[in-house]
Amino acid sequence: MNNNSSIKIYINSSKPYYYPGEEVAATILLDVLEKTNCNKMQIIAKGKQIVKALQKKYIESYTESEETNNSNESEEENESRRKRNKTEDSSEPNEYDNTSIARKLDESHKIFKYKKIVYMSSKNYMSQGKYSFPFEVTLPENIPGSFLFLEKNTYVEIIYSIKVKLNNN
């Protein structure tokens with residue numbers, strides 16, 4: 001008896017895309033090539049947002065001669081001017097830049113997750129053959145659409161997926 005390595009799994013959907021609040025109607029098609037350990041099958045539908053970015057912050061540098069050129073300013077005014085002009089977000093350094101700080105952003109946020117058992121059997125196996133399991137999932141009303149943004153140092157994606165999980169409990 002095999003342990004799930006001889007199963008081909010397909011998901012056949014009635015539409016290529018769906019909108020928030022719509023019902024996803026699909027069918028799981030299993031092609032079990034030989035008797036396999038399995039007594040439960042569930043679907044896991046989920047949506048997530050992925051953000052990856054490399055943010056660079058360039059820090060301006062002032063020489064002592066630049067600071068002394070402003071000798072008419074009080075020390076407080078000089079310090080205030082330096083703080084105002086010290087950091088600047090930019091993708092390119094200017095002629096005064098000599099230092100940059102890089103910060104890597106790599107985050108993932110769950111938008112929604114839904115689990116549903118679509119098959120359960122008292123037997124601890126599935127016999128060889130072809131099986132069909134229709135299912136429906138209603139998408140939440142407030143979810144954003146799928147999205148992909150790629151730029152030089154930025155990657156943002158909102159993605160939705162349906163996974164089929166076979167168990168033998």
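**Exercise 1. Overall architecture**

What percentage of the contacts in the protein chain with a separation of 6 or more comes from residues 24 or more positions apart?

Solution. The model under study is predicted. In the protein chain, residues 24 or more positions apart account for 81% of the contacts with a separation of 6 or more. The next step is to list the elements: the chain has two helices and 10 strands. Their order along the sequence is β-β-β-β-α-α-β-β-β-β-β-β. Finally, the surface is considered: buried residues make up 27% of the 169 residues, and the chain exposes about 11,700 Å², of which carbon and sulfur atoms supply 47%.

**Exercise 2. Strand pairing**

Determine how strand β2 is joined to β1 and to β8.

Solution. Begin with strand β1 (residues 7-13), which is joined to β2 by seven bridges, the two running antiparallel. In this pairing, Ile 11 stands opposite Ile 28 of β2. Turn next to β8, which is joined to β2 by 10 bridges, again in an antiparallel arrangement. Here Ala 25 stands opposite Glu 136 of β8.

**Exercise 3. Salt bridges**

Identify the salt bridges and describe the exposure of their partners.

Solution. The structure holds two salt bridges.

1. Glu 22 pairs with Lys 15, with 3.0 Å between the closest N and O atoms. Glu 22 is partly exposed at a relative accessible area of 24%, and Lys 15 is likewise partly exposed at 32%.
2. Asp 31 pairs with Lys 130, with 3.3 Å between the closest N and O atoms. Because Asp 31 lies in strand β2 (residues 23-32) and Lys 130 in strand β8 (residues 129-138), this pair ties together parts that are 99 residues apart in sequence. Asp 31 counts as buried at 17% relative accessibility, whereas Lys 130 is exposed at 69%.

Key: Residues are numbered from 1 along each chain as its sequence is written. This is a predicted model: local features need pLDDT of at least 70, side-chain atom pairs count only at pLDDT 80 or more; totals for chains, interfaces and linings use all residues. Side-chain values use heavy atoms; hydrogens and water are left out. A salt bridge is a side-chain nitrogen of Lys or Arg within 4 Å of a carboxyl oxygen of Asp or Glu. Buried means under 20% relative accessible area, exposed over 50%, partly exposed in between (1.4 Å probe, protein chains only). Helices (H or I, at least four residues) and strands (E, at least two) are DSSP runs, numbered from the N terminus. Two strands pair if DSSP finds at least two bridges between them. Contact means heavy atoms within 4.5 Å. Accessible areas come from the Shrake-Rupley method with a 1.4 Å probe; for residues, only the protein chains shown count as cover.
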